[in-house]
Amino acid sequence: MNNRNLIYQPAFRHTCVVLLACMFVMLSCGDNEGNKKNDEPYDPKKPIELASFYPDSGRYLEKILLTGKNFGTDPEQIRVWFNSRRAAVVGSTGSRMYVLAPRLPGDTCVISVAIGNDSLVYDKTFRYFTSVTVTTIAGNGNKTDYQDGDLTTSILQPRYICVDGEDNIFVMTRGPYEFGGENGVMNVTRIDEEANELITIAKGVVANVPAADPVTGIISFPTEQTVGSFFTLDPKELWAPRFREMKWPASGDRPAEGWKHSMVVNPSDGFIYTRYYYGHIVKMDPRTYEVETIYKTEQGDSYGLAFNPHEPNILYISFWSNAGVNANSICTIDVTDPQNSFKRIGGSTSGGHRDGPLESAQFRNPSQIYCDADGNMYIADCSNHCIRRITPEKLVETVLGMPGTAGWKDGGKDEALFNLPRGLGISKDGSIYVADLGNARVRKLSIN
């Protein structure tokens, strides 16, 4: 079984662009026969002019024809934006060009064109339509057993997920004691979607939220065996699990137990960050394993850490309901100035569900956080049974799921249901993989 949405497949994208380019070449040839002026290069001494575009609405990768004057014929010199999202320019004849609508530019889009030092905006706006669907790719609802192999017959209890730069999907399984059981079957597994296979990497390991190093590809994840214990999975070693131990300073405050639930790599400084139940926010050198406590919050659990590529060195933390003044909230800290920057930016300590501006939004046991390349932050809002998104404009919206209603149902916005989603990760094409713990399934969200 392969549920990969074709619109996100690289091969499909490439085919679309090639076909569109061929169509554009034929269009250009026709124009050249009738009007040589349409093949003139951009003249910096003349202004560019915008006339119209068609169609006036569409989805991701929609083919849009823009008309005007003095566009030039070199697509690399033409910059087109839908709001703040850059659109791919397929080709230009000088008076018309084809572009592809970018991913998630916003519902109502202003289209702007820039060539050289000249920049203009179309009078009319483009209406962008978003569709989200979820499918189940692994698991069958069994909360007590485990079976690897074929994804269609796999059994697992996914708790956290990590997707690396090569779209390898790592799942930390741990039976849902929320339903009256114990820890269940604890394994570290990898999903190979193309091969339709669930592969066991490590058995009997208490594995918490993992982190992928964007440079080395090494996966690191904390465990609770000792204060400094964690594991690494190196792709050069075919992800063979290696037990590691942090090196603590000889003196200073140190957590009493190894209750650390999340790790994340900071792309800006290369350090790995984790946070303990007792409040210690720690950074670790991935080469020497030496650690330093940079800040200490009030105690309580946090199951999500993330860095946003558009906000260097700002660490986002999601707090569980037992975290005191930070309960059910999203907080940030600037790791370059930790003593002066920790703050809560969204959420009510009593918990709830509210979309809108981040400062007034509400969550209920927000868990794993993951950020895409565009700066959208996705959150597994566990006890609200839904997936939330914080946009770069700091607006919170519910992507899928019915707040407060647990269940299992694949489909679109009006029908999809989750049950205590705890983890999520994002692939290069924007697909979101969810560890739907209460349903004992791994789900895949395709966003167009």
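A: Helices (H or I, at least four residues) and strands (E, at least two) are DSSP runs, numbered from the N terminus. The model is predicted, so that local features need pLDDT of at least 70 and side-chain atom pairs count only at pLDDT 80 or more, while totals for chains, interfaces and linings use all residues. Residues are numbered from 1 along each chain as its sequence is written, and side-chain values use heavy atoms, with hydrogens and water left out.

Q: Where does Glu311 lie?

A: Glu311 is found in the loop between β23 (302-307) and β24 (314-319). Leaving aside neighbours within four places in sequence, Glu311 is in contact (heavy atoms within 4.5 Å) with Tyr316 and Lys394. The C-alpha atoms of Glu311 and Asp334 are separated by 9.5 Å, with the two residues 23 residues apart along the chain.

Q: Is Glu311 buried or exposed, or partly exposed?

A: Buried means under 20% relative accessible area, exposed means over 50%, and partly exposed is in between, using a 1.4 Å probe and protein chains only. Glu311 has a relative accessible area of 21%, and therefore is partly exposed.

Q: How many salt bridges does the count come to?

A: Side chains of opposite charge can pair when their charged atoms come close. A salt bridge is a side-chain nitrogen of Lys or Arg within 4 Å of a carboxyl oxygen of Asp or Glu, and by this rule the count comes to 14 salt bridges.

Q: Which parts of the chain does the pair of Arg85 and Asp374 link?

A: The side chains of Arg85 and Asp374 meet in a salt bridge at 4.0 Å, N to O. This pair links distant parts of the chain, with Arg85 in strand β5 (residues 85-92) and Asp374 in the loop between β28 (366-371) and β29 (377-381), 289 residues apart. Arg85 counts as buried at 12% relative accessibility, whereas Asp374, at 24%, counts as partly exposed. Both belong to a network of salt bridges that links Arg85, Arg103, Asp372 and Asp374.

Q: What distance, N to O, goes with the salt bridge of Asp410 and Arg443?

A: The side chains of Asp410 and Arg443 meet at 2.8 Å, N to O. Asp410 lies in the loop between β31 (395-400) and β32 (421-426), and Arg443 lies in strand β34 (residues 441-447), so that the pair links distant parts of the chain, 33 residues apart. Arg443 counts as buried at 0% relative accessibility, while Asp410 counts as partly exposed at 27%.
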